[in-house]
Amino acid sequence: MANLFQWLRWGHVAAGGLALLLFWIPVIAPKGGRTHVRAGWFYVACMSVVVVTALALSALAFAVPLAIRRIPQPLSPAALSDFVRGQRIFATFLAYLAALTLSAGWQGIWAVETKREPKEMRTPFSLALNVVVLLGGLTVLVLGIRYRSGPLIALSPVGPFIAVGNLRYLLRGPQSRMHWWYEHLSSMIATGIAGYTAFLVFGGARLLPSVARSQLHTIFWVFPALIGIPVIFRTVAYYQRKFHETAETVGNQA
């Protein structure tokens with residue numbers, strides 16, 4: 001079981017690292033061009049591997065935490081209880097990030113695929129997925145409060161923020177002519193927020209252990225969201241101006 005966990009983790013890391021590099025190609029390339037589309041699909045493929053392996057890793061860490069870790073020496077009952085609890089909190093948080101990434105990516109892809117018939121996006125799977133992300137954020141908040149974890153508390157609103165936006169789009173339907181464009185861009189940026197958050201949380205702690213152990217660790221975790229969420233708003237506002245669809249115009253069309 002430990003070997004399976006390690007293989008899954010290495011696959012997760014490799015796909016995630018490639019995805020974080022590919023993320024910037026569609027961002028920089030002309031929107032809608034061949035490079036944007038091809039790089040975007042490669043990014044989606046890598047992030048799909050990331051999500052699947054993250055869910056598998058979180059399931060193993062939650063269900064059999066002792067089987068996937070090689071513990072060099074016996075632990076006292078109290079230490080063993082703390083270890084199992086820590087692994088399950090880790091598993092819950094990893095599953096939360098995976099579900100968040102999946103919901104954002106799913107929304108971003110299908111907003112383009114169903115732009116002429118947006119009601120086709122309103123499937124039981126899409127609705128249930130976003131409800132899961134919303135509940136996941138609340139669960140992470142409860143865990144953060146209970147165990148006094150600043151990073152968990154700080155990151156708990158990201159999932160509900162994305163889930164509520166997705167559900168609003170799914171239930172209300174288009175509110176402007178270029179609705180699918182705004183939804184695609186904001187959702188794909190959200191996958192980047194989730195990806196870089198996971199990188200800093202799990203990879204950054206190994207690359208910069210002194211920062212991870214300091215009082216700066218909460219900022220270390222929430223930095224992608226602090227940068228990415230304002231970027232979403234600014235990007236949507238930029239294209240609303242470009243397409244002559246200001247917030248007021250969109251509101252009048254509702």
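## Close-up views of a predicted model

P224 counts as buried, at 10% relative accessibility. The model shown in these views is predicted.

**View 1. P224 sits in helix α11.** The view pairs P224 with S149. These two residues are 75 apart along the chain. Their C-alpha atoms are separated by 18 Å. P224 is buried because its relative accessibility is 10%, and the cut-off for buried is under 20%.

View 2. I227 has a relative accessible area of 45% and is partly exposed.

**View 3. D82 and R85 form a salt bridge.** The structure holds two salt bridges, and this view shows the pair D82 and R85. The N to O distance is 2.7 Å. Both residues belong to helix α5, which covers residues 77-113. They are three residues apart, about one turn of the helix. D82 is partly exposed, with 43% relative accessibility. R85 is partly exposed too, at 31%.

**View 4. A salt bridge joins E245 and R177.** The closest N and O atoms of this pair are 3.7 Å apart. Each partner lies in a loop. E245 is in the loop between α11 (217-242) and α12 (247-253). R177 is in the loop between α8 (158-172) and α9 (179-207). The pair therefore ties together parts that are 68 residues apart in sequence. R177, by contrast, counts as exposed, at 55% relative accessibility.

**View 5. H244 has a positive phi.** Phi of H244 is near 60 degrees, and the residue is not a glycine. Most residues other than glycine have a negative phi. H244 lies in the loop between α11 and α12, the loop that also holds E245.

View 6. Where does R148 lie? R148 is placed in the loop between α6 and α7 (150-155). R148 is exposed, and its relative accessible area is 78%.

**View 7. Helices α6 and α8 pack together.** Two packed helices are described by the angle between their axes and the distance between the axes. Helix α6 covers residues 124-146. Its axis is 8 Å from that of α8. The angle between α6 and α8 is about 155 degrees. α6 and α8 are therefore roughly antiparallel to each other. The crossing of α6 past α8 is left-handed.

**View 8. Helices α1 and α3 cross.** Helix α1 covers residues 2-22, and helix α3 covers residues 34-63. Their axes come within 8 Å and cross at roughly 150 degrees. That angle makes α1 roughly antiparallel to α3. α1 passes α3 in a left-handed crossing.

Conventions. Residues are numbered from 1 along each chain as its sequence is written. This is a predicted model: local features need pLDDT of at least 70, side-chain atom pairs count only at pLDDT 80 or more; totals for chains, interfaces and linings use all residues. Side-chain values use heavy atoms; hydrogens and water are left out. A salt bridge is a side-chain nitrogen of Lys or Arg within 4 Å of a carboxyl oxygen of Asp or Glu. Helices (H or I, at least four residues) and strands (E, at least two) are DSSP runs, numbered from the N terminus. Buried means under 20% relative accessible area, exposed over 50%, partly exposed in between (1.4 Å probe, protein chains only). Axes are lines fitted to C-alpha atoms, for helices over the stretch in contact, and angles run from 0 to 180 degrees between N-to-C directions. Angles under 35 degrees count as roughly parallel, over 145 as roughly antiparallel, 65 to 115 as roughly perpendicular and the rest as oblique. A crossing is left-handed if the near helix is turned anticlockwise from the far one by less than a right angle, and right-handed if clockwise.
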